[in-house]
Amino acid sequence: MGETESVKELRKKVFLNNQNVKSFLPSIIIIIILTVVSNILSPGFASVGNMMTISTRACILAVACIGQAYIMISGNAGIDMSVGAFMSMAALLTSKFSGGTNLGLVWTVLIFIGIGAFFGFITGVCIQFFKIPSLVMTLAMSSVINGLSLGVTRGQPQMTIPPVLLSLGTPVVGVIRGMIFLTVIIITVMILVLHKTKYGKSLFMVGSNRNAAAVIGLKVNRIVIGTYMISAIISCIAGLMMLGFVGSAQLQMGDEYTLLSVAAVVIGGTKLSGGKGGLVGGILGSLVLIILTSMLTALGLPSGVRQLIQGTLLLGIVLINSRELKLRN
Amino acid sequence: MKQRLIKLVQWTPFPALALLIFFLILNQFLSPGYLKGNFMSSFLAANASVIIVSIGTSIVLIGGGMDISMGGLLCLVNVVYVLLAEAKVPLAVCLIMCIVIGFAGGLLNGLCIAVFRVTPLLTTFATSFVFGGIALWLMKAPHGSIQREIVKWYFSWLKGYGAPILFIGITIVLWLVIKKTKMGVWIYAVGKDEVKAYASGVPVRTVKLFMYGFSGIITGIGGMVLTTYIGAGDPLIAVSYTMTIIAACVIGGILLTGGVGDAIGALFGSMFLGLIITTVLSSVRDSFYHNFVQGIIMVMGVIGAILLSRVINSVKYKSLGGR
Amino acid sequence: MVGGNGSGKSTLSKILGGSALQDSGEVLLDGQPYAVKSPIEAKHKGVIITSQELSLLPNLNIVENVCLCNMDRKKRSAFLDYHKMEQRTRKVLKRLGKEHLIDKEINMLPTNEQYLLELAKALVQIPRVLIIDEITSALYKGDVALVKTILEELKQKGVVILFISHRLNEVFDLCDSVTVLRNGDTVGTFKSAELSEMQLISYMSGRDVTQEHVVDRSVIKSGDQKVILEAKVHLEEFDKDIELNVVQGEFIGVAGLDGQGQSEMLRTLFGMGQPVDLTFYGQQRRITSPSKAIKMGFAFLSGNREREGIFKERSIAENFNAVNHLVLNRKQDEDVDTCLKKNGVKYHGTKDLITSLSGGNQQKVVIARWTYTGARILLADDPTKGIDIQARRDAHETFCRMIQEGASVIMISSDDEELVETSKMMPLARVIVMYEGQIARTLIGEDINLEAIAASSSGQSSSEVKES
C-alpha cells in the first residue's frame, strides 16, 4: 500500500511549468533537423544570408503569435482568426496614412493603435456580452477588416513605404537585421506583461476558470476585452514589420499568418482551453514553421502544395497536442 | 391556441423564418415585382450551394461539433468535378465523385475528431487548408468547364426554380428522415452533453463519425450544385463561404454550444442572410466596399440572432413561472 | 456502499457502470469476467447505474430522456416508435406516482423530481444489477418511501441492488449488508443487522468520532452584539425581498430544500446579481460586483470547487494568493506554507499544480484563500459539499477560528446534520430556514435540531411537526 501510494503521488504530482525547458526540446530538435534536411535538398539553404532571411520572417510570425497566445490563454476556446486580416490592413494602409515618410510613420503607428483598439474592443464586447464564440466573431471581423482594406485601397498594391520600416530588413549589427532587435524588445515586454503584471497573472486565472475568476473578484469582462484589443494592436504592428520586410503591400498578404500563428502557438504548448501557455513556445514554433515554409518555397513547390503541407502539419500537431480526454475517464 | 402560439415562437427556427418572411414582404412593398421575374430563381440558383451546405453544417453544430472546413472542401469538390469533366468522364461518375470527395473529407474530419478526439475547431481549421491546398495543387488557376447539358438543365428546369429547390429539398428530406431515427435523438443528446449521453448508453463515437460524414456528403452535393452554377473550375471559389455558412446557422437558431436548433433553421437563416446581402450589395455602388458591407451584415446578423434567442428564452421562463 | 467522499464509492459504481476504467483487478458477473468497455456493454449485461450528477438531458423531452438508453424502433425500419416509448414512460412514471410529469420540461422540474426521473430511466432498462448513487438525498420523505417499496419489489424479483448513500439511517433501513469504503480500500462488509451506527461511522472515518468540539460560549456576551450588516436582498426568482441582519462574530446557518433562494440570496449579497444596498459596519454601501464586495471585506466560498473554486492549470500558491495579490493588492502577513499548514492542507510544494491534491485538500486551499484576506464576513454556499468528513470538520474549525477573530459567517448547507453540528461549535449561532424565497423560520439554541429544520423546510409551521 505504501508503494502504490508513492507511485500514485509521483504520477499525480506534476510540476507547474508554463514553459518547461524540457518541453522546448522537441521544437529545437525539429529546427535542427529541418535546417540540415533543407540544406541537403537545396544547397545554400543554411547560408548566413538565408538563415537571416528566415529569422527575420520568423520574427514577424513570432510577433503575430503574441496576440494569438494571449487570446488562447484567456480561455473559453479563445482563438484569433483575424490576425492575418489586421496584418494585411496595417501593411496596406501604411502608405496612405504615412505618406511614405518616417514622421508619418509615427502618426500611422498611433492610428493603428487606435484602429486596433477600436475593432478589438468591438470584438471583445461581442464575445463577452453577446456571447458570440471567439471563432465566429474573429472570423467575421477578419471579413470586415479585409473588406475595409479592399475598399480603402481599391485593390491597388501599395508602394510608398516609410524608409525606417524598410531599414528593419537591413543589417544593423553585423549580419543581424534591425527586425530581430525590434522583435526581441517587443517580445520581452510582452512576456513581462504576461507573467509579471497583475493583468497577465489575472489573464491566466481567467483563462483557467472563468467562473472562479468572477467569484474572486476579477473583472473578467475588462480583462478579456482588453486582451482582444491588445491582440488587434499587436497584429497591426506585425503587419508593419511584414511591410518592412516585403517592401510593398498587397491585398490579403497577411492571411497566411493566421494559420501559422495558430500552429506556432499550439506547437509551443499553449492549449486552446486556456489558463496556461506562453510566448517562448510561440517563438520556437515560429522558427519551425518558417524554416519549413522556406524549405518548401526553396524546393519550388507550388502554393497549393505549400498550403496542403501547412494544413497537414497543423493537423499532425493537433493530433499530438490537442486531444481531449477519453470519455471513459 | 395560446399554447400553440407559444410553441411556435419557441421553435428555434422561428426567428429566422419570421425575419425571412418580413424581409420578403418588406421588399414587395418597397420595390414591387421584386419576387417575380428572374430575381428569386437566380437568387436560388446562386445561393443554393450555401443553403445546402448550411443545412449539413447545422447538423454538426447541433451535435456539439464545429466545422470550418466547408469552404475548402467545396473548392476541392469543384476542382475535381471540373477536371473529371474535362477528361470526358461520364456525367454520372462526375456527380458520384462529388459526393465521394465530400464524404471522404467529412470522414477525415470525423476520424480525427471522433476517433482521435482532436479539438473540432483546430481539426477543421487544419483540414480546410488540406482541402484547399489539394484544390490549388490540382488546379492552379480558374479554368475549365463542365458538361453543358447539366448547366443548361440547372438554369432552365422549371423556369430555373426546379434544380435548386430539388437539391435543397433532398437535403431537407434527408434531415427529416434522420430526425425520426435513433440517430436524430442521439445527435441532440451528444450535442447537449457528451458525457451524459455516453453514460446513457449513446454510442458517442459513432454519432460523431456519422454527423461529420453525413455533413461531408451534403457538402459534396453543395459542391456539385456550386460547380453546375458557375459552370467552371475555380480553386478559390468557396474560401469565403465558411463564414457565411456559420453565420447562417447561427441566424437560423443553432446554438454553437450544441444540442439546440434545427437544420430547417439553417435553411431559413441562409436564405435570409443571402437575401439581405444581395439586396444591400445591390444598393452599395462602390463595389470595392462590397466585402466590407457583407462582413458587417454577417456580424450584425449573428449578434441579432443571439440576442433574439436570449430574449425569447427569458420571456419563456418568465411566462412559465420557471425557476 | 458507504464511505466518505474520496473513498471511492462513486468511482466504483462508474467502473461497474462501464463509464470508468479500473487500474487493475477484475469484476465477475455470474462467475464470468465482466470486463465491459463502455456503458453500452454494461447495459447489455443488465448493469444499470443512476448518476449522482444526473444523466438527464434538458434539450430532450421526458419520453426521450427516460427511454434514451433503449429507444424502440418500428418493426423492420429505422424509425422510432414514439408511441411505444411513450407508453413505456407512462408506465414507469405511474409506478413512481409521477405520471403527470410526462409532458414537462426537465429544466422546469424541481431537483427531487429530476432524481425520480433518473430512477425511472434506470428502471425502464429492466436491470439485473441496479446501482443507485446518492438519489435519496434529494428526495422528499414521501418519495423515499415510494422508492423503498420499488426497491423491495426489485429485491423480490432477484435484482441485485447496490445502494450508495451517506444517509446512514436509510442504509440500515433498506440494506441487508453494508460495505464500507475508505480511501479507495474496502474496510469490510458487514450485515447491517449486526452493526451500530457509531461503529459504522468509525469504520468510515477510521477514527474515534465520539469527541465533540467544546465551545467556549462565554466569549460573546449578550451585550456585545453589534450588528455589522443590514441588508435587504431582492430575489428575482421568487420576486420577494429578504431582510438580513448579521451580528459580529455570528454564525448563520441557512437551511432549506434545494432552490429555495438561499444561493441567490448569498450571491446577490456578494454582488453577483442585482445591485444591493446595505449597511456594513455602519456605512451605507451599494454592492454592484464581487470586486466591490471583496474590497469591503466580503468573502465568498462555493461548494462547487470545480466550477467556481479552483484554477485547475495553476499552482497551489497561485490559487491561494489569487484574491490577495490580484484583487486586494496586498500580501499576507505570513508566508504561504505557514498559512496552508494552519488550514490543514496536505501538500508537497506550493509550486505543484492544485490538481495534485485530493478534493478535500483542494477545497481547503480555496478556503485558505479567503481566510487570510482579512474578510469580515464569509458567505459560504454549501462549502463542504462532496468532501470527506475529516476535511469537513477541518473546514468548520477554520470557520470557527475566523469567527473568534471577529468575522461573521453565513453558511448554506444542504446537509441539515452539518448545520446542527456546526451551530453547536460556534459561540453565537442561529439557523434560518428558507422556503420559497422567504425566511420560514429562525432557530436558536435548543431549537436547532433536525426535526425543526426538516419541518420548516417544507413550509410547515412548528405545530405541524410530525414524525413520518
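I am working with a predicted model, where local features need pLDDT of at least 70, side-chain atom pairs count only at pLDDT 80 or more, and totals for chains, interfaces and linings use all residues. Residues are numbered from 1 along each chain as its sequence is written, while chains are lettered from A and ligands numbered from 1 in the order in which they are written.

**Helix α14 of chain A**

I looked up α14(A), residues 303-321, and found 19 residues. Helices here are DSSP runs (H or I, at least four residues), numbered from the N terminus. From first C-alpha to last, α14(A) reaches 26 Å, close to the 27 Å expected at 1.5 Å a residue (1.5 Å times one less than the number of residues).

Next I checked burial (20 or more other C-beta atoms within 10 Å of a residue's own, with C-beta atoms placed from the backbone). The buried residues of α14(A) include A:Arg306, A:Gln310, A:Leu314 and A:Val318.

What do the buried residues of α14(A) pack against? I found α12 (256-267) and α13 (280-298) of chain A, together with α5 (91-115) and α6 (120-138) of chain B.

**Chain B with chain A**

I counted contacts (C-beta atoms, placed from the backbone, within 7 Å): 42 residues of chain B touch 42 residues of chain A. On the chain B side, α6(B) gives the largest share, 13 residues.

**Chain A with chain C**

Here 24 residues of chain A meet 27 residues of chain C. On the chain A side, the largest share, 6 residues, comes from α9(A).

Methods: Helices (H or I, at least four residues) and strands (E, at least two) are DSSP runs, numbered from the N terminus. A residue is buried if 20 or more other C-beta atoms lie within 10 Å of its own, exposed if 12 or fewer, and partly exposed in between; C-beta atoms are placed from the backbone. Two residues are in contact if their C-beta atoms, placed from the backbone, lie within 7 Å.
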